Amino acid sequence: MFSFLSLSSKRKKASQNFTKMGDFVTVRNVSRVPLELKLVEHFDPSPENKFSMVNVTMSLASVTNSLGLTNDITRATMPHINPYATPFATREVSIHLEPFSVTKTDIHSYVKNDKERLRLTFQTPLGGKHQMYCPVPTAESASLVALAANPVMRFTGVYLTQHAWITLYPSSKLDSWMSKLPDRVPLGALSIPGTHNSPTCHTAPPSVRCQAVDPKTQLENGVRFFDLRVQVPAPFDPESDKLALVHSVFPISLTGNKYFRDLYDDIIDFLKAHPSETLVMSVKREGTGDGTDEQLSRILKRHYANPQQWFTKPRVPTLGEARGKIVLVRRFNIVEELKHEWGGKGWGIDAATWADNTPHAMCPSGDICVQDFYQVMEPPTIDKKIEYVEAQLERSGSCLYDSNTVEAADIDSGKKFPIFINFLSASNFWKVDTWPEKIAAKVNPGVVDWLCRRHMVKDDGLGVKDGDWSTGAVVCDWVGLDGDWDLAHCIVAMNNKLIRK
C-alpha cells in the first residue's frame, strides 16, 4: 500500500528534516595521552555521492560495510571531504579529552541535514594536530590525518553514525602490536584478536568456510589466537607428521587436503620475523577415522613441539616467556608419559574439557574461561549470542592486576591468570541464514559497537569502570574481508590500559 502526501505536506516535511540538527557527538579517548578538540568544521555533501547500481547488484556475500566487516545489506560508500573544500560552518572549541575517558560534547553531528560531513581537529600535549573526517551516514574507521610532518603519535578513529559516537585510539602496527607491551604481563590480561577454524579460507561449502583470508595474512594483521581442528591419519603411523586440517568431519578445501605442516611452517616463519609476538594455538582433534587424542599428542610432541618454538608448560605464561613461540592450548587428552612432563604437572594448557555449547564456563585447570555458545538454530538467536559475547567481554575487562609485580615465578606458584576465550562464531549447518558468514554479518559489527561505545563504560554512558579492559581472546569468523581489519584494531587498542609508564 502506498500513501501520498500533498505538495504542501511534502514541503513541510522537507523543511522539518532540513532544520533538525543531529545528536551531540560523544568522544571516547582510549589512549594514555590527553587530547584536546580544537576545531569543528561542517561541509556540504560531496557532489560525487551519487546512486550507483553497483551497490545493488553486488553479491551480498561479498559486500562489506565501512567498518570492514561482513554485512548483509547493501550500503553506498561516501567519498572523503575534498581537502580544498570550504566548510559552511566553522567553530573553534577547547574540549579536553582525558586518557581513557568518555566526553559528551555540545557539537551536533550535523546542522542542516544528515548527509553533511564533519571534520574535527584534535591536538596532543606535544602540540601535534590530527584531523578526523566523519562521513555521514556511513560508519567508518580511519587513520587520522597528522598535520605535522613527523608526528610523535598517530591515531585511528571509529565513527559510529547511529550514535554520533567517536572512539579514538593510538594506531598500532598490527604485525608487531605486542612489541609495546611489558614482558611481565600474563597472556590472560591481553586483548587478543583470534580466528575460529583459522585455516578455513579455501574454496569450500559455505557451512564449512569460516575465514575470508589465509592464516599468514591474519598474522600480519594482528591475529594472535588460532583455533585449529586436525584429523589424525588412519592407520596411525607414529613416524608420520601428517595432520589434515578439517572443520568437524569435513576437509577445509574442495580442491584437496590441506595439512598442518604447511600452516605450521608459515607460523614459524612469521614468529622468526616478528620475535616480539606470540601465537596462542588451540588444537582439537576432529575429522573421520579411528584416530585418538593420545595419538595426536604423540604426533605433536614428536614432530612439532620443540622447546625453542613452543611453550608447553601447563599454565598461562607471561608475554616475556611466550615471545617468539607458540603457546599450546590443548583441547585433547594426552598419553601417559606426557602427564609427567614439567615436574609431573602435565603438558600444554589443559582445555581438554569445557561445558558444551556454553555461555560461560571455566575449564577444570582454571587456565581457560570460555564462552562458546554455538548452536544458533534460528536467526533470532543471534541476539542471544551477542549478549553472551558482551557478558564475557565484561568479565575479562573487569580483571585487574599489578603488571609491575607479576612474574613467571608467581604463576608457577599456582596463581591463576586465565585466558578468557570468547567465540564470536556460531552456526547451524542446515539453515542458510545461520551459516558462519551470515552470523558474522551481525555479530562482528555488534562487537565493534560494543568495544567502541560500551566496553567497560558505566550505564550512564560517560563514566568508565575499573579494570584492565582486556577483551581476552576474541575468536572471530570472516575478519579481513576486502582488507578491512577494524575489528582487530578495536581489540588491540584495549591493550593501551596495560602500558602504565
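I started at Trp342, which sits in helix H7, residues 341-344. This is a predicted model, so I am reading computed geometry here. The phi of Trp342 comes out near 50°, a positive value in a residue other than glycine. I noted that most residues other than glycine have a negative phi. Buried or exposed, or something in between: where does Trp342 fall? Its relative accessibility is 39%, so I filed Trp342 as partly exposed, since that class lies between the 20% and 50% cut-offs.

Next I turned to Trp469, whose phi is near 65°, again positive in a residue other than glycine. I found Trp469 in the loop between H10 and strand S22 (472-476). Trp469 has a relative accessible area of 0% and is therefore buried.

**A cis bond.** I checked the peptide bond from Ala234 to Pro235 and found it cis, with omega near 0°. I jotted down that most peptide bonds are trans. Pro235 belongs to the loop that runs between strand S12 (225-231) and strand S13 (244-247).

**A helix pair.** I then looked at how helix H8 (residues 381-397) meets helix H10 (residues 436-453): their axes come within 10 Å and cross at roughly 35°. The crossing of H8 and H10 is right-handed. Which residues make the contact? From H8, I listed Ile382, Asp383, Lys385, Ile386, Val389, Glu390, Leu393 and Glu394. From H10, the list reads Ile439, Lys442, Val443, Val447, Trp450 and Leu451. Sorted by class, this contact holds nine nonpolar and five charged residues, with no polar ones.

**An open sheet.** I traced five strands that form an open sheet, ordered S3-S2-S5-S6-S8, with antiparallel pairing. Strand S3 (89-97) and strand S8 (145-146) stand at the edges; each has a single partner strand, so one side of each lacks a neighbour in the sheet. Inside that order, I followed S2 (residues 35-43) against S5 (residues 117-123), an antiparallel pair with seven bridges. Glu36 has Gln123 in S5 as its bridge partner.

**The whole chain.** I finished with the totals. The protein has 501 residues, and 54% of them are buried. I counted eleven helices and 22 strands. Of the contacts between residues at least 6 apart in sequence, 72% join residues at least 24 apart.

Methods
Residues numbered from 1 in each chain as written. Predicted model: local features only at pLDDT ≥ 70, side-chain atom pairs only at ≥ 80, totals over all residues. Heavy atoms only, no water. Helix = DSSP H or I, 4+ residues; strand = E, 2+ residues; numbered from the N terminus. Buried < 20%, exposed > 50% of the residue type's maximum accessible area, 1.4 Å probe, protein only. Contact = heavy atoms within 4.5 Å. Pairing = 2+ DSSP bridges. Axes fitted to C-alpha atoms, helices over the stretch in contact; angles between N-to-C directions. Left-handed = near helix turned anticlockwise from the far one by under 90°. Nonpolar A, V, L, I, M, F, W, Y, C, P; charged D, E, K, R; others polar.
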